[in-house]
Each structure stands twice: as structure tokens, then as C-alpha cells.
Amino acid sequence: MYGSGFNSRRLWIHQWAYTPEDWAGILERHEFVDINARVLEAPEPENVGTLIVRARASPLP
């Protein structure tokens, strides 16, 4: 990660990251439906992919 745009020095940023399965479980526990969570692989194998999560809110009773 870069500290201030792509022209500054690189900084390590530590963060919590959930797996697609974790996201699906969290959304299911909160009553979302039609859940799809996956990682779109990066074009270059050494780079990190993009997590894509889609879900719908449950219909109201």
C-alpha cells in the first residue's frame, strides 16, 4: 500500500480480511439471501485478487 497515492513511499497496512466463506456466513446470519461471495483472481498470479460479494436483503414480512 502506498502512504499518499502511488508516488509516495510504500507502507505496510495490516487489516482483517474475511474469506468469501466468512462473508457468506456473516450475511446469512443477518438474513441476506442469494449470497454469492468469491475472489476474482488478479491477472498476475503474485498480485492479490478482488473479493466480490453480492447478496439481497430478505423481503420484509
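Reader: How many salt bridges does the count come to?

Author: The count comes to 1 salt bridge. This is a predicted model, so the values here are computed from it.

Reader: Which side chains meet in that salt bridge?

Author: Those of Asp 34 and Arg 56, at 2.6 Å from N to O. The cut-off for a salt bridge is 4 Å, so the pair counts.

Reader: Why would such side chains pair?

Author: Side chains of opposite charge can pair when their charged atoms come close.

Reader: Where do Asp 34 and Arg 56 lie, and how many residues apart in sequence are the parts that the pair ties together?

Author: Asp 34 lies in strand E1, residues 32-40, and Arg 56 lies in strand E2, so the bridge ties together parts that are 22 residues apart in sequence.

Reader: Where does Glu 31 lie?

Author: In the loop between helix H1, residues 20-29, and E1. Glu 31 is exposed, because its relative accessible area is 56% and the cut-off for exposed is over 50%.

Reader: Zooming out. How many helices and strands does the chain have?

Author: The protein chain has 1 helix and 2 strands. Along the sequence the pattern reads α-β-β.

Reader: How much of the chain is buried?

Author: Buried residues make up 7% of the 61 residues. The accessible surface comes to about 5,900 Å², and 56% of that belongs to carbon and sulfur atoms.

Reader: And contacts: what share join residues at least 24 apart?

Author: 23%, taken among contacts between residues at least 6 apart in sequence.

Reader: Which residues make the nonpolar surface patch?

Author: Val 39, Leu 51 and Val 53 make a nonpolar patch of about 200 Å². Leu 51 is found in strand E2, residues 50-57. With a relative accessible area of 35%, Leu 51 is partly exposed, and a patch takes residues with over 30%, so Leu 51 passes that cut-off.

Reader: You mentioned Val 39. How far apart in space are Thr 50 and Val 39?

Author: 5.4 Å, C-alpha to C-alpha, although the two are 11 residues apart in sequence.

Reader: Which residues is Thr 50 in contact with, leaving aside its neighbours within four places in sequence?

Author: Thr 50 is in contact with Arg 38, Val 39 and Leu 40. Thr 50 itself lies in strand E2 and counts as partly exposed at 45% relative accessibility.

Reader: Now aromatics. How many aromatic pairs does the structure hold?

Author: It holds 1 aromatic pair. The rings belong to Tyr 18 and Trp 23, with centres 5.3 Å apart and planes at 85°, so the pair is edge-to-face.

Reader: Why edge-to-face, what is the cut-off?

Author: Planes over 60 degrees apart count as edge-to-face, while under 30 degrees would count as stacked.

Reader: What are the relative accessible areas there, starting with Tyr 18?

Author: Tyr 18 has 46% and is partly exposed. Trp 23 has 29% and also counts as partly exposed.

Conventions. Residues are numbered from 1 along each chain as its sequence is written. This is a predicted model: local features need pLDDT of at least 70, side-chain atom pairs count only at pLDDT 80 or more; totals for chains, interfaces and linings use all residues. Side-chain values use heavy atoms; hydrogens and water are left out. Patches are made of residues with over 30% relative accessible area and no salt bridge: like charges are joined within 9 Å, nonpolar side chains (Val, Leu, Ile, Met, Phe, Trp, Tyr) within 5 Å. Accessible areas come from the Shrake-Rupley method with a 1.4 Å probe; for residues, only the protein chains shown count as cover. Helices (H or I, at least four residues) and strands (E, at least two) are DSSP runs, numbered from the N terminus. Buried means under 20% relative accessible area, exposed over 50%, partly exposed in between (1.4 Å probe, protein chains only). Rings of Phe, Tyr and Trp (its six-membered ring) pair if their centres lie within 6.5 Å; planes under 30 degrees apart count as stacked, over 60 as edge-to-face and the rest as tilted. Contact means heavy atoms within 4.5 Å.
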